[in-house]
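Hi everyone, thanks for making time this morning.

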Amino acid sequence: MAGVKINSSDVITVSRRINGLNKDMKNGMNDVASAMNTLDNYWEGAAANATMNKFNNIKSSYSDARYNVVDAFVNFLNEQVGQGYSQTESVNKSLASQFK
C-alpha cells in the first residue's frame, strides 16, 4: 500500500461527524414517527392504513439495524484506526528509541 497515508486525527474527526449524522437520522426517524402518529388521527381509509403499515414496517425493520451498523463503524474508526493507530505508533516510537 505504498503511498497510503492515514491521519488518525482526521479519522477521529470524521468518525465524530458520522456519529452525529447517525444520531440525527435516528432522531429524524422518531420525529417522522411522531408526525405520522399525529396524521393517523386525521387520515382514515385504506391508503392511510397502507401508508402507516408500510412506514411502521420500515421503521421497525431498518431504523435500528441501520443505526447499529453505522454506530459499529464509528466505533471501529475510533478504536482501531484512530486511537488504536495512535497507541501503536507511540509504542513503536518508544521501542525504536531504545535501539538508538
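Before we start, one term: when I say two residues touch or are in contact, I mean that they have heavy atoms within 4.5 Å. What you see is a predicted model, where local features need pLDDT of at least 70, side-chain atom pairs count only at pLDDT 80 or more, and totals for chains, interfaces and linings use all residues. Residues are numbered from 1 along each chain as its sequence is written, and side-chain values use heavy atoms, with hydrogens and water left out.

Let's begin with the overall picture. Along its principal axes, the C-alpha trace spans about 80 × 20 × 20 Å.

Now, how do the two helices pack? Helix H1 covers residues 8-40 and helix H2 covers residues 46-97; their angle is about 165 degrees and their axes are 9 Å apart. Axes here are lines fitted to C-alpha atoms over the stretch in contact, with angles running from 0 to 180 degrees between N-to-C directions. That angle makes H1 roughly antiparallel to H2, a label for angles over 145 degrees. By class, their contact has 17 nonpolar, twelve polar and seven charged residues. Nonpolar means Ala, Val, Leu, Ile, Met, Phe, Trp, Tyr, Cys and Pro; charged means Asp, Glu, Lys and Arg; the others, Gly among them, are polar.

Is Ser63 buried or exposed? Ser63, in helix H2, is buried, with a relative accessible area of 9%. Buried means under 20%, exposed over 50%, and partly exposed in between, using a 1.4 Å probe and protein chains only. Leaving aside neighbours within four places in sequence, Ser63 is in contact with Met29 and Ile58.

Arg66 is also found in helix H2, and at 28% relative accessibility Arg66 counts as partly exposed. Not counting residues up to four places away in sequence, Arg66 touches Asn22, Met25 and Lys26.

Over in helix H1 we have Val32, partly exposed at 39% relative accessibility. Val32 and Phe55 are 23 residues apart in sequence and 9.4 Å apart in space, C-alpha to C-alpha.

Notes:
Helix = DSSP H or I, 4+ residues; strand = E, 2+ residues; numbered from the N terminus. Parallel < 35°, antiparallel > 145°, perpendicular 65-115°, else oblique.
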